[in-house]
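Hi everyone, thanks for letting me go next. I'd like to talk about charged side chains that pair up, so let me put the structure on the screen.

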Amino acid sequence: MHGRRDWANLPPDMITLISEKASITNTMYVHLRAVCKGWRSSLTPHPRHLPRQSPWLLLPRLGVHDFHLRFYNPSLCKSYHFTLPCLSGKYIYNAYGWFVLNHGCRVSLFNPITGNSFDLPSLDAMSKSERAVPNVPHYCLQKVLLSCNPSEPDFFVVAWFLSWSDWELGFCRIGDTHWNGLKKRNGCTSLLDFTCHRNSVYTVNCKKEVSVYDLQSLTVWTYPSKIIYYPNYQRINLVEGDGESGGPLVVNTYECHGNNNLINVYKWCDSQQQWCLVMDIGKRALFLNRFNCTNLQLEGTQGNAIYYDASCPLDLNSFRVSINRVFLKSGSVLQHNLGPLVEFPTICGWFSWFTPSLI
């Protein structure tokens, strides 16, 4: 008769193999590390095998000095609360499970799950050859994106600067001493949105042109056909594509009364040399808010859909946070009930999607 296996003293390589086979979410991995001291010491706190996680809602703050973060996990219908005094007085931009923190010239990366942080170059000079900016305002960034997780070799940060800078877009990498200008400010081609895809930056401007900036050669190329977009009625977002898209996806939102928005997705078709309507994105789902759109692969029946902010005011003092799910093939809309944690003061602003990361 075989003796009982001593699970606490398994070889470290076997424990690692078990974790790679048995955990596909952050929660599952954390539970494995909590089995016993032996497993905790054998398993790194920063696993690299986990896929990008289903996003949480980062619920609105009560102002820039609020350091109490509230997250909501729609897939589990659970809320999480974090108290992080280091966030007080800072503006938060989130991407790839990290926060970009900004206060005046100072910019840094911060992972609210792990506590890891990195400093980024100061904003008081765009590059070694640029003039210094003497008075950078406290609120100086429109949007910030990360190309991937900061631990990956091709990592870079792209920022959309407000009017204080001669540059509209700039980028940097960890260890850089300055920001590099990418797109000069030009009123005739003002930026509407941008995204990162395959080590490049894609932009869409007010002339409905989509351009791609190569960060290696610092060259720019513009697609020969313009997008379909009516600025008085619609909102436009660019989102990273996948292996088959040949570039970014263009998400066009017509905001209808009652929050049942009409949303169309387009991708570039080489054969037709134009942006073509997409009705099927497979197991992928798009998570859309007013400033960002995230493209994730999901298992089961959650894919081929768009999840978007359907928040609405309740009265002069509060609004209700809610999510709508649009099925791309049929166009039908399903409302997701957030449960009791739904009402916030109007000063809060809007929620954003946050993909928690242990790296």
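I'll go through some of the salt bridges here, one pair at a time.

Just so you know, what you're looking at is a predicted model. How many salt bridges does a search of the whole structure find? Five. I'll show you some of them.

Let's start with Asp 66 and Arg 70. Their side chains meet in a salt bridge, with 3.2 Å from N to O. Are these two buried or exposed? Asp 66 is buried, because its relative accessible area is 9%, and the cut-off for buried is under 20%. Arg 70 is buried too, at 13%.

Okay, next pair. Asp 193 and Lys 143 also join their side chains in a salt bridge, and here the N to O distance is 2.4 Å. Now look at where they sit: Asp 193 is in strand β12, residues 191–197, and Lys 143 is in strand β8, residues 141–146, so this pair ties together parts that are 50 residues apart in sequence. Asp 193 counts as buried, with 2% relative accessibility, and Lys 143 is buried as well, at 4%.

Last one for today: Lys 329 with Asp 280. The closest N and O atoms in this salt bridge are 3.9 Å apart. Lys 329 is in the loop between β25 and β26, while Asp 280 is in the loop between β19 and β20, so the pair links parts that are 49 residues apart in sequence. And what about exposure? Lys 329 is exposed, with a relative accessible area of 59%, whereas Asp 280 counts as partly exposed, at 46%.

Conventions
Residues numbered from 1 in each chain as written. Predicted model: local features only at pLDDT ≥ 70, side-chain atom pairs only at ≥ 80, totals over all residues. Heavy atoms only, no water. Salt bridge = Lys/Arg side-chain N within 4 Å of Asp/Glu carboxyl O. Buried < 20%, exposed > 50% of the residue type's maximum accessible area, 1.4 Å probe, protein only. Helix = DSSP H or I, 4+ residues; strand = E, 2+ residues; numbered from the N terminus.
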